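Student: Please take a close look at one part of this model. I would like the aromatic residues and the packing around them.

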Amino acid sequence: MFSLYNNGFKAEKAEDAGTFISLVLKIGENYLRFLVSINRVYLPFEMSPKDAAIDLLAEILVFKNGSFLKFHDFFQNNFTDKSKITEDNYEDYLRGFVYTVIQKNLTNLFKDNDPALYHIYRNIKETAKSLGYSISIHFSDKYLHRIKKVDFKIDAPAPEDLLKLVSDINLQKYIYNTPAFLNLMFDNLDTQHNFCHAVRFHDMAAVMKKIMISDYFERELCGAGTNNFTDTLSIKFIIEEAKFTFFEKLEKYINKNSLSQNFSDCMYSIIDDIVADFMTGNPRSSVRELMIRHFGVDEKSLFYKVQYCVSLFEQEVLKKIKLEKILIDRR
């Protein structure tokens, strides 16, 4: 709809406004489907990419006095004669604007659906601001980095890489001191040559959540001791409640995506292994290790599905744990 741009985003007809809104929402929906497919984001389980796009883009779809003001302002304020908008590049810039708004608003989806993860997102943002770190958006991801210029042509570390780094330098003991945790993380990351010196914002939050869950169970089991039957039973009750809710969602996920009975059986075994690690206080096996152990293969498309399901289980565990117990500030 280049004609809408030429008209300053003023829609002469109601049907033109409706067509533009549908186009923007479709761009947002497709982008979210892409992010989900490559495990860059995890939408709340009951929320479809279409519904998420509506929530995330509502602020820029305000239609007032016959005009889409947010789009008018974006194109008016960000381009000069040297970067002239043409019919050939218009949709690229339109998509870029939509992608940026989605990345900016993504964390808000978790405020009600996954408050623990939302709290972690907020804590990382506040810490990054206080430390002078940068948070930047590059196409499909939001990144956190300490140095200003990052070579994004080099791969960022995956969650499994970050967890290994945490384990190698014993960073988990700083998990409740976010400034120390991030500073030590980047001290080590900035010496690496096989990764770019940035981490994906959502991966960083997911890694911190995994560490906090493991730390919670380790502390509670150590505090309970071998003779405190009541405390140990309470921990088992938390896990069993989380498993019950998760398995209900797992069956829906399997049916929705037409996955096999073998996938279901392997996921049940993977969750049992994770629970065993929780209960013994052992470091949790990586998702890739668990996938290879139970599926016998190492495939990227399968890995994304397994990682999604494991994250779904961890989300249920966090819901069963009182937020203030696991996210208390210990600085």
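Tutor: Start with helix α5. Its buried residues are Tyr90, Leu94, Phe97, Val98, Tyr99, Val101, Ile102, Gln103 and Asn105. Buried means under 20% relative accessible area, exposed over 50%, partly exposed in between (1.4 Å probe, protein chains only). Helices (H or I, at least four residues) and strands (E, at least two) are DSSP runs, numbered from the N terminus. This is a predicted model, in which local features need pLDDT of at least 70 and side-chain atom pairs pLDDT 80 or more, while totals for chains, interfaces and linings use all residues. Residues are numbered from 1 along each chain as its sequence is written, and side-chain values use heavy atoms, without hydrogens and water.

Helix α5 covers residues 90-105. Its 16 residues should span 22 Å at 1.5 Å a residue, and the end C-alpha atoms are 23 Å apart, which agrees. The expected span is 1.5 Å times one less than the number of residues.

Now the pairs. The whole structure holds 30 aromatic pairs. Rings of Phe, Tyr and Trp (its six-membered ring) pair if their centres lie within 6.5 Å; planes under 30 degrees apart count as stacked, over 60 as edge-to-face and the rest as tilted. Phe20 and Phe68 have ring centres 4.9 Å apart and planes at 55°, so this pair is tilted. It links distant parts of the chain: Phe20 lies in helix α2 (residues 14-37), Phe68 in strand β2 (residues 67-68), 48 residues apart. Both Phe20 and Phe68 are buried.

Leaving out residues up to four places away in sequence, Phe20 touches Met1, Leu4, Phe9, Phe68, Phe71, Tyr90 and Leu94. Contact means heavy atoms within 4.5 Å.

Next, the core. The largest nonpolar core has 64 residues, and Phe20, Leu57, Phe71, Leu144, Phe181, Met185 and Met204 touch the most other members. Such a core is a set of buried Ala, Val, Leu, Ile, Met, Phe, Trp, Tyr and Cys residues joined through side-chain atoms within 4.5 Å. At least three of its residues come from each of domain 1 (2-106) and domain 2 (114-209). Domain bounds come from an automatic or database domain assignment. A second, separate core has 41 residues, including Phe217, Ile238, Met291 and Leu318.
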